Each structure stands twice: as structure tokens, then as C-alpha cells.
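This briefing is for a reader meeting the structure for the first time. The sequence and model come next, followed by notes grouped by topic.

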Amino acid sequence: MPDPYDIAPPLPKPALPGEVIVRESLEDLLDALASDLLFQAKACVRSFGDFHLALSGGSTPEPLYKRLMYDQRVRDFPWKKTHLWQVDERCVPHDHDQRNWKMIGGILLDHSDIPQAQTHPMPVLDPEGDLAYERQLRDALEWREKGHDRLDYVLLGMGNDLHTASLFPGSIALDAPTGRLAVFNDGPGVVPPKRMTLTYEMLNASRFLAIMVTGSNKRDAIARLVANTLDPDTPLGPHQAPVLGIQPLGGVVRWYLDRAACPES
Ligand code: 6PG
């Protein structure tokens, strides 16, 4: 009979820049992510009357978005007070399977009571859609008191090339001009198709940034980050490892990893 009071030994945490949460399984990790996201949402609604949430696409976050729709423990998520933004988008037609909004919308918009007027898909087919998206962000946030006119919660993923959002190694968006909040990204290093992405300036102004990395297929990428973090003689910078450009100015960056994504300790 196992000791019911046996506290499981803490899981090894990779040395990453920011707070690190590791959970044994994906389900346990989704528990932590959903709980923290609910806490942040409620705190912002209490303070500002609304919650500005920006979500990534890709495959990693899909189980979280589904969890938010069926988990009774987050049934009081303040969707009616939430503005839903995109971290990045592929420049393809609305109904294209590569469209991040198709996945996000199909899960969250179809199953929550978030008002349509508070959902902000990136206008990627508009040649000046990046400037339009910047205007939407500024219009939605500028009424908040100075210092709080920023995104409240950003969920990021990470590719095996250490990109995040659609900020790819060596790509032009890494050096977006000061003042730009969203830009198109294309050319060498950008995995096609052409993208639109929030910039470091917009991302690093955020209150809370969660970087969700799961699965054994990301273990080597995490190991490369740890090697750099533990071995300053081989510095990886944001140009080689864009996820390292996530350096919030006044906010928090918190990594959420399942054990499968952690290098063998
Ligand atoms: C996208 C995402 C991107 C994603 C990483 C990881 O548009 O592809 O926003 O930044 O987070 O590519 O992708 P996976 O979660 O599919 O591994």
C-alpha cells in the first residue's frame, strides 16, 4: 500500500529564462495552464473590467483550448469580458486548414459566449492588414490607464527551430521598427506561407506570457535552450533562437512543459 502522504519528488525543471512549470503528464499540465489562465482572467476583469487574451495556433495549444470548453473547473471563465486576439496567423484564405483562426474559432468561438465584437482575427488578406491590426489593438487598449494598456495574457508555442509566434530565426520581423505592434513576416527563414505576427515590442509589453511546450519531439529544442542558458560561452540570441527574445518588460514569462518535453536530467 503506497504511503498516501508520500509527496511526489519535484520534477526536474530545465534551466530556462523565466518561471518554469513542469508536470508529469499533458493532462496535469493542462490543469495548471487552465487554472493559471482563469486566475489571470478574473484578476484583470476585477481590475480593468475586461481581459485581453492573445492565442497562438499550431498543434500544441489545441488540447488546452478544448479543455477550456469542457472543464467544469473553468466554467466561470469571464468570456463575456474577454477580448480574443491572435499572436500570429498564416496568410491563407479564411477556410484554409492552415489558418490558426479556423482552429481557435472552431473551438472557442463556437462553444463559449464571447461576444463576436470582442474577437479579433488578423486581417491577413488585407495588404495593409498589419497596420489595421495595430489600430485595433491601440483602439481597444488605449483607454486603459498608462502602463496597463497592454495585452493581459499571451499564449505562445515554440517550434523546433526555436521560433515563437511567427518570429522565425533570421527573419525580418525580428527587427521590426520601433512602434510596430504587428507586422507581416516572409522570406528566408519563414516557414511558408507568409505570416502576420505580433512583434517583440507588443509581446514583451504583455502582463503575462505563457510558453507551452509539450511532447518528446520538443525535447531536443529545449535541450538546446538549456545548453545555451547553462553555457554562456555559446550564446544563442533572439536571431538564432527567437523564443529567447521573449523578455517581458514588466510582466511575467512562465514556461509550461510536460515531462516528455524535458531533457533527461
Ligand atoms: C503557428 C504558431 C507557432 C507555433 C509553433 C509551434 O502559427 O504555427 O503560432 O508559433 O506556436 O510553430 O507549433 P506546434 O505547436 O504545432 O509545435
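**Cysteines, a helix pair and the cores**

Cys91 is buried, at a relative accessible area of 19% (buried means under 20%, exposed over 50% and partly exposed in between, with a 1.4 Å probe and protein chains only). The model is predicted: local features need pLDDT of at least 70 and side-chain atom pairs count only at pLDDT 80 or more, while totals for chains, interfaces and linings use all residues. Residues are numbered from 1 along each chain as its sequence is written, and side-chain values use heavy atoms, leaving out hydrogens and water.

Cysteines
- Cys44 is also buried, with a relative accessible area of 2%.
- The whole structure contains 0 disulfides (pairs of cysteine sulfur atoms within 2.5 Å).

Helix pair
- Helix 2 (residues 62-70) packs with helix 3 (residues 100-111) at an angle of about 5°, and their axes are 9 Å apart. Helices are DSSP runs of H or I with at least four residues, numbered from the N terminus; axes are lines fitted to C-alpha atoms over the stretch in contact, and angles run from 0 to 180 degrees between N-to-C directions.
- The two helices are therefore roughly parallel (angles under 35 degrees).
- Glu62, Tyr65, Lys66 and Met69 of helix 2 make the contact with Met103, Ile104, Ile107, Leu108 and His111 of helix 3 (heavy atoms within 4.5 Å).

Nonpolar cores
- The largest nonpolar core has 47 residues, of which Leu137, Leu156, Met158, Leu198, Leu203, Leu225 and Trp255 touch the most other members. A nonpolar core is a set of buried Ala, Val, Leu, Ile, Met, Phe, Trp, Tyr and Cys residues joined through side-chain atoms within 4.5 Å.
- A second, separate core of 33 residues includes Leu38, Phe48, Tyr153 and Met212.

Note on methods. Angles under 35 degrees count as roughly parallel, over 145 as roughly antiparallel, 65 to 115 as roughly perpendicular and the rest as oblique.
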